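Notebook open, structure loaded. I'll jot down what I look up as I go.

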Amino acid sequence: KQWYQRRVRAINTNYFIQTNLSSMSGSKVLQTLVRNARALNTSAPAVAHTEPQMPPCDYQPPVYEGMSKEEVLKIRKAHVAPAVHRQTFFKNPPLFVAGKGQYLFDEDGKRYIDLFGGICTVSAGHNHDAINAAVSEQMSKMTHTANIFLHPKLSEYTEAMIKKIPKESGLSVIYFCNSGSEANDLAMLMARAYTGHLNIVGLRRAYHGASAANISLTTMPLYRSANMPITNVSSAMSPDVYRGIWGGDKCRDGICQTLRTCDCGPDECDAATKYAEQYEDHLHTLCPGGKGLAAFIAEGIGGMTAALQAPKGYYKKAFEVTKKYGGVNIMDEVQTGFGRLGTHYWGFEYHGVKPDIITAAKSIGNGYPLAMCATTPEIAEAFANSSLHFNTFGGNALAGAAGIATLKAIDDDGLMENSHKVGSQFLHGFNRLREKFSFIGDARGKGLFMSMELVEDRETNTPIAVYKLQAIQERVKDHGVLIGRGGLYLNCFRIQPPMCVSSEDAEFVLQVLDKVFQEYADGALDDLVHEFNPNK
């Protein structure tokens with residue numbers, strides 16, 4: 001601060017003379033220092049760094065002049081629904097006021113690498129210039145008219161989306177809506193209208209939304225209550241090769257395998273066969289005489305279940321079972337779609353299956369509330385003949401502009417390829433961390449869809465206490481890295497960043513995780529752990 005004030009006096013410009021540094025907080029001084037040093041093409045004094053250093057970023061957020069964090073928290077606690085504010089991450093939460101690419105900025109200008117991407121929603125990056133321009137241009141012309149009237153954006157967006165779905169899939173009819181929950185509701189209605197049956201089967205340890213219609217498909221304890229409707233919805237055994245009955249180190253298609261061994265071959269996975277048999281056994285009792293199944297629904301890779309990966313070949317076998325019982329197959333692509341997996345644009349392509357319906361949301365609009373349901377002409381016709389369906393905002397002009405621009409940005413910026421490259425770097429790093437720290441029970445994922453599961457010990461795989469995970473997450477945040485939480489026992493770190501995250505970012509994050517994990521192993525975080533302990 002003294003160096004900077006001397007430099008200001010030496011330059012002797014009115015702008016700097018008027019800057020009252022003595023009244024600023026330390027973070028504000030640093031923010032002003034960096035900005036003005038760049039403007040003057042000067043450098044701050046060299047500092048010896050022992051901490052991992054975040055890669056540089058040219059973007060400088062505007063100075064924040066809005067509501068203070070204290071005011072934000074006060075209103076949030078008093079008037080925002082408790083179901084929302086009680087989920088706020090961190091004991092000392094940053095107030096995010098700007099973003100660019102893979103980074104978020106708090107009210108003091110501190111930069112964070114966003115490894116959760118608004119819960120797997122920011123695909124092309126925060127504050128993407130081309131997407132912003134497309135939405136702004138559309139806003140200057142027309143913001144909304146319902147889809148009962150003709151407007152070009154609905155057709156333009158439909159055409160653009162159809163081109164991203166393999167023609168051989170037969171999925172050539174699109175319904176646009178506003179969220180993943182809405183899309184999955186719609187898929188359930190379509191399946192029942194087409195088959196004439198009611199029973200829909202999902203998997204245990206799955207998340208498909210929290211609406212009144214599909215909450216029963218979300219088989220996670222936090223989302224279930226005694227008064228939840230579950231009529232005609234049931235769940236088959238989760239094909240979890242880490243915590244499930246079957247599975248081992250040859251079952252996943254990916255860089256990270258489980259530590260337990262198995263006898264599966266390179267082309268045939270015994271665990272996949274056994275889990276598919278469990279699904280068929282479930283249908284044998286659910287659908288007497290082989291009738292009564294409307295649909296089977298599953299995620300390409302589990303989202304809230306923290307990148308839960310089914311064994312190789314499971315979905316091919318399960319989809320065959322569905323057809324045997326007269327149902328349709330629904331692939332929930334809300335988190336797996338749009339190139340995030342790195343090698344394939346869609347999860348169903350990755351699994352080599354042909355679903356009858358797919359649902360998509362989150363990354364589809366780079367943060368704009370947008371979703372879709374894609375199906376075959378036959379199912380779409382049966383649905384149209386069953387009842388009237390209407391969605392006020394579905395396919396609106398602004399959503400179309402955002403959606404088209406997002407599809408283009410993913411292609412133009414090479415984000416699927418980047419997901420494969422940087423995701424592989426992360427996953428190899430997670431393997432190394434697991435070798436070093438015995439409290440990492442599992443690492444898994446594909447592309448930029450990843451997770452690490454923490455345990456008390458590997459002998460029993462007892463999930464680490466949630467408050468311990470929270471303490472580690474808080475410390476990681478203090479280093480400028482934001483990661484999510486999830487899993488059946490909330491003992492997993494979820495990592496699904498904007499797809500523009502760089503190799504340099506990945507290296508920095510791996511250094512931070514290594515440092516913080518070592519601190520936890522050495523007991524250096526014991527005081528922080530104690531702060532989070534609800535039983536203290």
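Is Q138 buried or exposed? I'm working from a predicted model here. I looked up the relative accessibility of Q138 and got 8%. The cut-off for buried is under 20%, so Q138 counts as buried.

Next I checked where Q138 sits: it belongs to helix α7, which covers residues 129-139. Then I listed its contacts, skipping neighbours within four places in sequence. Q138 is in contact with T143, K153, A397, L398 and A401.

On to the cores. I found that the largest nonpolar core has 99 residues. M161, Y314, M372 and F430 have the most contacts inside it. Helix α17 (residues 503-522) gives this core its largest share, nine residues.

Not counting residues up to four places away in sequence, M161 touches I174, F176, F338, W346, I364, M372 and L407. Apart from this core I noted another one, of 19 residues, with A187, M188, I200 and L217 among them.

Last, a sheet. I traced an open one of four strands, in the order β1-β2-β3-β13, and its pairing is mixed. Which strands stand at the edges? I get β1 (96-100) and β13 (481-482); each has a single partner strand, so one side of each is left without a neighbour in the sheet.

I followed β1 to its partner β2 (residues 103-106): the two pair in the antiparallel sense over four bridges. One bridge I wrote down by residue: K100 has Y103 in β2 as its partner.

How values were computed
Residues numbered from 1 in each chain as written. Predicted model: local features only at pLDDT ≥ 70, side-chain atom pairs only at ≥ 80, totals over all residues. Heavy atoms only, no water. Core = buried A, V, L, I, M, F, W, Y, C linked by side-chain atoms within 4.5 Å. Buried < 20%, exposed > 50% of the residue type's maximum accessible area, 1.4 Å probe, protein only. Contact = heavy atoms within 4.5 Å. Pairing = 2+ DSSP bridges.
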